[in-house]
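Here is a short report on one chain.

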Amino acid sequence: RDLEAVAAREREANEELKAQRAKLAEQSRAADDRERQLAERIAAHTEEVEEAVAAARAELAVEKEEVAAERAELETERASVRSQAREAAVARERAEADRCEQRGEAAAARARLEAATAALEGRHQEVQSEL
């Protein structure tokens, strides 16, 4: 009887052990499934983030190109303005030189006119005194 009781307890223990193993195996499968699902979600999220980063980089590259084009256009405009400013300065200098030259010619003409007037007055006085 003792042997039967021991054998019965051993069978019960084996059954209990088998049930625990089955439960542990089920828990292990469930944990593996959760881990796999989590890994899939992480991979999907990582892909979304990588796509967003790639899109942002592409947008940034376009903006950089636009900024570079605007900068080049501004530099061209600056060069044009500098060139126009130089041309205007040269034109002002020429105009000033022309005015100076005209004033010089006017002064010479005035001096000739005054000399001619003085000569005429002198001649007029000679003629008057001869009369």
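Does arginine 99 count as buried, partly exposed or exposed? At 41% relative accessibility, arginine 99 counts as partly exposed. Buried means under 20% relative accessible area, exposed over 50%, and partly exposed in between (1.4 Å probe, protein chains only).

## Basis

This is a predicted model: local features need pLDDT of at least 70, side-chain atom pairs count only at pLDDT 80 or more, and totals for chains, interfaces and linings use all residues. Residues are numbered from 1 along each chain as its sequence is written, and side-chain values use heavy atoms, without hydrogens and water.

## Overall form

The chain has one helix and zero strands. These are DSSP runs, numbered from the N terminus (helices H or I, at least four residues; strands E, at least two). The C-alpha atoms fill a box of roughly 190 × 20 × 10 Å along the principal axes. Buried residues make up 0% of the 131 residues.

## Salt bridges

The structure holds eight salt bridges. Each is a side-chain nitrogen of Lys or Arg within 4 Å of a carboxyl oxygen of Asp or Glu.

Arginine 99 meets glutamate 96 in one of them (2.7 Å, N to O). The two residues are three apart in helix 1, so about one helical turn separates them. Glutamate 96 is partly exposed, at 33% relative accessibility.

Arginine 36 pairs with glutamate 40 (3.3 Å, N to O). These two lie four residues apart in helix 1, about one turn. Asp33, Arg36 and Glu40 are linked in a network of salt bridges.
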